[in-house]
Amino acid sequence: MINVKNLSKYYGDYPAVINISFELEKGDIVGLLGPNGAGKTTTMRVLTGFTPPTEGDVTIGGYDIIKDSLEIRKLIGYLPESVPLYLDMEVSDYLEFMGKIRGMSDSKIRKRLPEVIETIGLGEYRNVLVGKLSKGYRQRTGIAQAILHEPKILILDEPTIGIDPVQVIETRGLIKELGGNHTLILSSHILPEVSMICKRVLVIHEGKIVADDKPSVLSEKLKTSEQIELTIRSKNINEILKELRNFNFIIDARENLVNQITNKNDETINLIVEVKPENNAQEIIAKSVIEKGWGLVRLNSVPMTLEEIFMQVTTDEKPK
Amino acid sequence: MKNIFLIANKEIKTYIASPMAYIVAASFLAVTGFFFVASVSDAFAEASIRGFLAGAVFFLIFLSPAITMRLLSEEQKLGTLELLLTSPLKEAEIVLGKFIAAFSIILLMFLLTIYYTIILLIYGVPDIGPIFTGYLGLILYSAATLSVGLFASALGPNQLVSLVVGSGILTTLTFIDFIANRLSPNVAKILNHLQLGGSFSVFDQQSFGISEGGHFADFARGIISLGDITYYFSITIVFLMLTILILESRRWR
């Protein structure tokens with residue numbers, strides 16, 4: 001469906017996107033993840049035909065992005081980051097206009113418009129001026145215009161930015177539902193959002209794709225350390241810490257101060273142990289704790305969150 | 001073609017719903033009305049719309065860019081241009097649609113001035129020929145000025161800047177004889193051909209601010225000349241094409 005090959009985009013001398021390649025199949029739900037200024041919006045603008053690539057080939061549905069721009073634009077529904085709307089139009093008039101310039105016939109609009117307004121939850125506001133809507137409802141109107149003409153490809157640039165938490169959850173749900181019918185590309189710098197909605201994540205940093213995988217695989221692959229929460233019934237914390245630090249696979253062991261206060265009375269010690277992956281760390285730790293005769297109350301492996309992975313792949317200090 | 005109509009239709013609706021068009025129309029009627037009265041209230045005044053035409057020609061230097069300043073600046077400011085340019089629309093369709101909308105509004109405004117002619121018909125015996133050619137000239141002249149205004153509006157997101165730039169270009173074209181006559185005669189000859197129509201002498205009872213050397217003089221006198229028509233057409237088309245080029249250039253940056 002979408003084929004991006006060695007795409008680069010320079011604004012003057014400034015490289016916004018450098019030599020990225022990826023392929024998307026029909027029905028894919030993909031998240032572009034990266035900090036502000038990473039090149040997400042630029043990538044999307046190239047895909048929508050708004051900005052041409054400086055170098056590289058982009059084909060969408062078999063059409064070339066430069067030669068057949070008009071054909072490609074018919075396939076795409078796009079919500080830019082700024083959610084551009086005509087503030088002096090009523091919601092339904094605005095949507096009707098957007099439908100028309102996307103080449104929908106009057107009869108098709110008449111049939112489709114109430115459906116979309118219903119799906120998006122804009123029913124009460126159909127005759128309200130766009131300028132009077134709250135940010136959340138403007139966002140919905142923006143999504144509505146993107147899906148109205150039933151595009152094969154849906155491109156949403158930061159669709160949940162700047163709206164309140166309840167609306168964020170609603171909007172995410174909405175996007176997830178839409179995913180089934182479209183090839184969906186979504187950009188975000190909010191990581192749980194991407195892992196919730198998308199089946200595949202492209203992590204973009206400084207114009208390059210630094211990771212490309214399923215959210216779950218990504219967290220496996222990029223693990224450089226793993227955290228273990230350990231609760232031991234004992235009084236002598238220093239002895240335990242000393243013992244644990246003897247293992248060469250343990251990077252760090254420290255007291256978990258957060259939980260300690262609540263469990264103060266039952267003479268347990270809470271620890272956080274950071275270990276290198278690919279060891280049977282849990283087994284070895286458990287074995288040694290029991291051999292020492294300490295009471296093992298709890299041993300829990302904490303999976304790394306996307307945030308931490310994200311920090312790792314995008315932090316410059318990271319050895320490559 | 002259908003897309004041009006879609007854009008035009010939307011813009012006309014926006015004009016009608018916003019106060020700007022009414023403010024522009026009201027001030028246009030006020031200013032041209034003043035010039036009209038000044039030209040016909042003398043003891044031996046001729047029954048013609050020359051005064052109205054002079055006022056219109058002069059005032060449109062500012063009013064045309066005021067009508068068009070919103071058209072493309074606002075799209076850039078709101079970011080809606082990104083939606084238009086990622087829809088299956090050609091730049092030319094967007095520009096022509098917007099131009100037609102502004103042109104329709106200005107024609108509507110001219111329609112309101114028809115009562116000047118009616119007054120002349122009631123109280124005098126006006127020569128219909130120059131009235132007809134005057135309106136024809138005014139329509140061509142307004143197309144040219146709107147096209148310059150639309151071009152200015154494409155330059156950036158600030159409406160005020162669009163207004164000033166648009167009026168600036170039109171003022172330069174209007175007073176180009178003033179500049180030309182201070183240069184060598186050969187350059188002056190060429191530049192004088194570019195003169196838009198108005199002149200400094202807006203309070204002169206003879207010319208009422210229509211420059212003798214400009215392209216409006218013959219229309220006001222009742223003469224249709226191919227040169228004048230070609231001139232206004234050329235200005236209109238050149239600036240519309242420049243506007244389209246500016247929008248297209250966004251794709252190649």
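Analyst: Helices here are DSSP runs of H or I with at least four residues, and strands are DSSP runs of E with at least two, numbered from the N terminus. By that count chain A has twelve helices and 14 strands. This is a predicted model: local features need pLDDT of at least 70, side-chain atom pairs count only at pLDDT 80 or more, and totals for chains, interfaces and linings use all residues. Residues are numbered from 1 along each chain as its sequence is written, while chains are lettered from A and ligands numbered from 1 in the order in which they are written.

User: Why is A:Gly56 called partly exposed?

Analyst: Count the other C-beta atoms within 10 Å, with C-beta atoms placed from the backbone: 20 or more means buried, 12 or fewer means exposed, and in between means partly exposed. A:Gly56 has 17, so it falls in between.

User: Where is A:Gly56 found, and which residues does it touch?

Analyst: A:Gly56 is found in strand β4 (residues 55-60) of chain A. Touching means contact: two C-beta atoms, again placed from the backbone, within 7 Å. Leaving out residues up to four places away in sequence, A:Gly56 touches A:Lys5, A:Asn6, A:Leu7 and A:Ser8. Its C-alpha atom is also 7.6 Å from that of A:Asn19, 37 residues apart along the chain.

User: How do you know that β1(A) and β2(A) pair?

Analyst: Pairing needs at least two bridges found by DSSP between two strands. Strand β1 (residues 2-11) of chain A and β2(A) are joined by seven bridges, so they pair. They run antiparallel. In β2(A), A:Tyr14 is the bridge partner of A:Tyr11. Both strands belong to an open sheet of four, in the order β2-β1-β4-β5 (chain A), with antiparallel pairing.

User: What makes β2 and β5 of chain A edge strands?

Analyst: β2 (14-24) and β5 (63-64) of chain A each pair on one side only.

User: Which strands does β13(A) pair with?

Analyst: β13 (residues 268-275) of chain A pairs with β11 (residues 226-233) of chain A over eight bridges, in the antiparallel sense. A:Arg233 has A:Thr268 as its bridge partner in β13(A). Strand β12 (residues 250-255) of chain A is joined to β13(A) by five bridges, also antiparallel. There, A:Ile250 stands opposite A:Val275.

User: Why is one side of β6 and of β10 left without a neighbour in the sheet?

Analyst: Start with the sheet. It is open, has six strands in the order β6-β7-β8-β3-β9-β10 (chain A), and its pairing is mixed. β6 (76-79) and β10 (208-213) of chain A stand at the edges with a single partner strand each, so one side of each has no neighbour. Axes are lines fitted to C-alpha atoms, for helices over the stretch in contact, and angles run from 0 to 180 degrees between N-to-C directions. With direction ignored, neighbouring strands of this sheet are turned by 15 degrees against each other on average. β6(A) is joined to β7 (residues 153-157) of chain A by four bridges, running parallel. A:Gly77 and A:Leu154 are bridge partners there.

User: Which helices lie across strands of chain A?

Analyst: Helix α5 (residues 135-147) of chain A lies across β6 and β7, at about 165 degrees to β6(A). Helix α6 (residues 165-179) of chain A lies across β3 (29-33), β7 and β8 (183-188), at about 150 degrees to β8(A).

User: What makes a set of residues a nonpolar core?

Analyst: Its members are buried Ala, Val, Leu, Ile, Met, Phe, Trp, Tyr and Cys residues, joined through C-beta atoms within 7 Å. The largest one has 131 residues. Those with the most contacts inside it are A:Ala144, A:Ile155, B:Leu53, B:Val57, B:Ala102 and B:Leu150. Helix α3 (residues 50-78) of chain B gives the most to this core, with 15 residues. Another core lies apart, with twelve residues, including A:Leu244 and A:Ile269.

User: How do α3(B) and α7(B) cross, left-handed or right-handed?

Analyst: The crossing is right-handed. That label applies when the near helix is turned clockwise from the far one by less than a right angle, and left-handed when anticlockwise. The axes of α3(B) and α7 (residues 128-154) of chain B come within 7 Å and cross at roughly 35 degrees.

User: How many residues does each chain give to the contact between chains A and B?

Analyst: Chain B gives 18 residues and chain A gives 20. On the side of chain B, α1(B) gives the most, with five residues.
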